[in-house]
Structure formats: C-alpha cells, structure tokens
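These are my notebook entries on a single model. I record below what I looked up and in what order.

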Amino acid sequence: MERRKQQTRLSSSKERFKSKKRINRLVVVFLGIILFGLLVFSILIAFSDVSKLDIVEPRPTFIYDINGEVASKVSNSKIEGVSLDQIPTELIEAFVATEDQRFYKHSGINYFGITKALMKNLVKGKVVAGGSTITQQLSKNVFLTEERTYTRKFKELIFTKKIERKYSKDEIMERYLNQIYFGEGAWGIQRAAHVYFGKDVSELTLNESATLAGLVKAPSNLSPYKSMEKAVERRNIVLSLMKSEGYINQKDLEKTIVQPIALTDKETIDYKGKYPYYVDYLIEEAVNKYGLTESEVLSGGFHIYTELNPVIQDATEEVYQNESNFPVSKPDQLIQSGSVFLNPKTGGISALVGGRGDYTYKRFNNATNLVRQPGSALKPLAVYTSALEQGYDFDDMLVDEPINIDGYQPQNIDKRYRGQVTLYDALINSYNIPPVWLLNEIGIEQGFSTVERFGIPLEKEDHNLGLALGGLHQGTSPLLMAQAFSVYPNDGIMMQAHAISEIKDAGGIVVGKWSEKSAQVTEPEIAQKMTYMLKGVVDNGTAKNAQIAGIDVAGKTGTTQLPFPGVAGSKDHWFVGYTPDIVGAIWLGYDKTDQDHYLTATSGVTVTTIFQQIVTKSMSELPNKEFNLPLVEKKKKKRSGMIDNGQKIDKEKKKDKEDKKDKRKDREKENKKDKEDKKDKRKDREKENKKDKEDKRDKEKNLDKGKDKDKDKDKDKDKDKDKD
C-alpha cells in the first residue's frame, strides 16, 4: 500500500515537472517572439526614410480624366518654410495646448492620451476622441493616407518612432508647422499667416495664433472666410485650453476673447495647368456644389475626378488654336467663341473651351457664363417639340405667308413666301413665319413651359411670339443649350450637365461625389421624331456643313439679328448638334457688337464647320454611328403600308391628331374634375371644421351654463345654511 502511494507521488511529481517544463518552454518561445518582433520593429524603424521632412513641397491639386488618368495638375501653392525662431512662442503654445498637451514629455506616442481617448470612446459607444500626437500627425500628413486600417496605423507607429529618434522636439514642431494644412490652399504656417492676415508669421498676435491653431482640426469647415462664427467659437476653445495649460492668464483670455478676427483681402489667384477653361468651370462647380473655395481647389492637394474626355478636349483645343477655322476678326477686337460637348447618357462634360486668344485666370467663359439670344437654335424646343406633343407630325402643313398677329409681323430670311410648307421643311430650312404661326396655334404658354422644361430659364418678357425665333429678353449659354438638346438622343431624358464625378482630399477621404440628376422632359417617340427632323437639318437643310462621313449628325443652327437696322450681317452664330454619343453647342460672335464689329457670314458656314472638325477628330470616342429610331421607323412603315393599300394617309393623320386631341381633352377634363373634387373636399372639410367649432362652442356654452347652475345651487345651499 505504502509502495503504491510512493509510486503515485513520484508519478505526480513527474507530471508537475513536465508541465512546468512545457510552461517554461512556452515562456521562452513567447519571449523569443517578442524579442524577435522588437528586433524586426527596430530594424524597420532604422531603415525608414523620413528625410522628406527636410523638404517643404507644394501640394498641387490633381485633376483626373474620365479614364482615371491625370489630365492636369494645377497649383497656386507657395509654401514657404520658416525656422522655429521666426514663430511666436504663443503660436507654438496654442498648438501644444490644442493638439498635444504632453508633446514635450512623451517619446512620440502618448499612451496616457490613447487610454483616455479609448475610455471616452467606450463610454460613448463610438469614436469621439483620438490620441494622436503632433509627431503622429506629422508622419501621417507627410507619409501616409487617412485610411483607417491596422496596416496604416503600424506604418504610422514606425514613422513616428523614427522621427522621434532623428529629430529633436523643436525640430519636429518646426517641420509640423511647415507641413500642416490650414485651409484656403495654405500649406505651412507662413502661407497661412499671409493668406488669412496678410503678414509674416513672426508678426502674429495671440488672437491670430489661436485662430490658426484652431483651424487644423477641420480647415475646410472652420475657415473664417467661410464661417466667421465657427472660427471665433473654435478660437475661443483654443484660448481656454491655453489658459488651462497655464500659457496665458485670465486677463489675457478675457482681453483676447472679445477681439474680432480681422482678415486680409484675398490674394489674386493665378495658376498654370492644362485645359484652363475646363478647370475654370470645375472650380466654379466645386465651389457652388461642393462648398470648397477657389484656393482649396487649386492648392489644397485635392484629387478631383472628372468627366473630361482627353481626346475630345484635345480635339476642341486644337481646332480653337487654328485661326483659319474662324472668320477674320477686326484688328482691334477678336471674334470670340465658346464650345461645350457632353455625353447625353450621363450629362458628363467631355470637353469645354471658353474663348479664343491668350488665357488669363478666370477670364470670361463663353461656354458656360455667356448669356446671348440663341436665335433659331431655340425653335426645336419652343415650337416643334411642343407641336409634336400636341399631335402635329412631320408632314402637317403650316402657313408660310405674310402674317400680322397683334402687330407682330415676322419675315423669312430670304423674303420669300411659299403659301404652305410641311412642318419638316419649315424646320430644316429654318423658315421664320411657320414656327411663329404654329406657336400662336398651340399657344405661347405651351411653348414657354416647354422651353423651361428643357432647363432654359425664361423671364416674363419672353412670353410672346418672338419666343418662336429665339428672341429672348436675355438669352442662354452653350452649356444650357447642349444640356437641353441632350434630351433628343437620350429618348426624352435630360441628365444634368456636370464636370466633377468625385473629389478626394489630400488624405484620400471623399469630400464630394456626384449623384445622378435626371428628368423625363418628353416622351421617347417625340424625342426620336425630333432627332429624325434635326438629322434632316444636317442632311438637307441649313447645317449641311456639319455633315461627317460615316456617322449620323443632327442639330440646329441659329443666327441673331444686329441691334441696328440697315447693316447686312448678324450678331450671334449658334450651332447645337449631336451624334448618338455626344452633344455639342457652339457660339460665335464679338464680345461687343457695334456697327464696326459684327458677323458677315451665316451660322451654316461658321459654327457648323467648327463642330464638324471637332467631332471628326473625336471619332475614336464615338462608337455608335447611326441613330436608333425604332418608334419613327414603325410609324413610317405603318404609313407606307397604308399608301400601298390605296388608303389616304391624311385620314389616318387626321384620326391620329383627333385621337391625341381627344386624349388631351380627356386629360384636361380629368385635371378639371380632380381640381373640382379637391375643391369640394376642401369645402366639405371646411364645413366639418366649422361644424366642429360650432359643436365645441355649444359644448363650452353648455358647460358654462352647467357651471352657472352649480353656482346657483351652491348659493341656495349657502342661503339654506344661513337660515339654519
């Protein structure tokens, strides 16, 4: 028995020894792994290159084309490095108090700050605080992106440790202040001092230092140029933190907190980059749609992805650089022009050139900012689309003879009258009397609302028969005309024109993204009929010079009259044309038209030729060569079959028109009935409300009477008590 116990104890001892041995081995392996990890970590730190911190580089904005390739690199950035002894102590203290209170105590990583931030995040249940030090921010800003991954954090840790080993705290602070972004295109503290306050960094006051220190948290949102209220609020937070850290006293705080932030006038912006007119419009779009400033777009280190097609843009610029493609100008004034081309399926602006001659920053952009009367180029929108929607068709007969409608007497350009012409012939030959007569028939209101549906803004002064000939009170731009005509090759759908598809900041964070905006302007059948007729304008009408071998082209010319009589010439030339894949609008004319400066040729000769050359050079980007018009073909086949059977097409046309009129009348009746029903319901509701109010009033009266009775009873009781 004793022997068995001894054997058991011996066996147990052996097991404990083996277990202890295994634990020791595991500890050794674990320590080995840690030591190996530390060795690898040290090697990675040792071989990391942070010499980039010694070079202060500008941060240009990169503009990408539709293929994701860099199309242009623009910059207005003038980074100026300064040494630490040029920077006011108050400014450094403002940054330490705001961004990293233990900066001079930690070795790159603030473990206390990270723990504190982690606890805050756990309490709130989401990320509300971070523990990044100034050194970490510096390594991230210069070497890394804003992506939230463990790999990026590990790299940040390595670079942070390397920076701390190589540079002193003062050197780190100096590089940090020279590299950081302050908004408004200002990289580095010296540029920020100039951009916001128009002075050298050494001259900054406590007020100005606190303002700049407050910006780095969110420079785009906190810029005083955008929101003075937010900037002041943030400055006051910085001042409070400086007071808490003992850098300023209560008197300094109270004195500074009431001071206004006095900004300098914004600097004149200048930049050199490819495709300047496209960039001009891109800046305008970024400012108006995405809330950025011009300086930010040019020098904020952004990555802007666009709809620019380099082949089409290069083709447009090449044509515009060749003077032989344009009429001869007078010596003292150059004939100007603007062109814009867009994709009808997406609304993306493929190419844009806003003028001729030497380019200067933000010069007038004739492709987007021009406001001129479009002339006959408006006829398809104001008259012919409206007429088709009202039941008219290609071969309906229109009046072409002298007319006088309330004193308005339009004339054809050739001064001839044909009695009657088909709707198709009236459009392709750009006669003036037929569309005016037709607009009067269908109603000015109908044409007016149709033009507005196509995205062309009108004024009350445009509510007249002159609308049929594009004689607007103000006018429109090539961009809006191209957008409007994009409805036709896109089966009645208009996509909003835009240049930008996405914007990312210097760290790769998306700060703006295009969301598709579209509208069904007209029915597919109407759009296809218009394309069929506008193709006739190019094949057989006023725009023959826009023809391109091997590809279908449709479009409409436009010419506006001179503002003074007795001179043979014109003020503006327009052509808005399209293929299945692209829509382009071109304007030509003098900036200042007078009796010495006007156009002598016609739009059928000038702008159509420019369009033809640009599209010809862009053929590689246009895969579809023919218009797909199944609804038109179906209609034509139906009519051909009717003629073969000996039937009269006029009867069918008349029946179609009557059917459409009946449908329109039915819709009008339904709308009228709906309005009447709504009116009746509203009256019923008003009656019910009135009755409810009366009932409520009666109840209140009854309650009051009941209360009076109760009071009388109480009085009687009191009297009885008195008697008792």
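Predicted model: local features only at pLDDT ≥ 70, side-chain atom pairs only at ≥ 80, totals over all residues.

I call a residue buried under 20% relative accessible area, exposed over 50%, and partly exposed in between (1.4 Å probe, protein chains only). Helices (H or I, at least four residues) and strands (E, at least two) are DSSP runs, numbered from the N terminus. Residues are numbered from 1 along each chain as its sequence is written, and side-chain values use heavy atoms, without hydrogens and water.

Entry 1, helix 17. I found eight of the ten residues of helix 17 (433–442) buried, so the rest of the structure largely encloses this helix. The buried residues are I433, P434, P435, V436, W437, L438, L439 and I442. Their cover includes helix 15 (379–389), strand 6 (397–400), strand 7 (419–422), helix 16 (423–428) and helix 18 (444–453), where contact means heavy atoms within 4.5 Å. After helix 17 comes G443, with a positive phi near 105°.

I noted an open sheet of five strands with mixed pairing, in the order 2-1-3-9-10. Strand 2 (70–74) and strand 10 (510–513) are its edges, each pairing on one side only. Two strands pair if DSSP finds at least two bridges between them. Strand 3 (303–306) and strand 9 (500–504) are antiparallel over four bridges, and H303 has K504 of strand 9 as its bridge partner.

I located I23 in helix 1 (2–47); I23 is partly exposed, at 49% relative accessible area.
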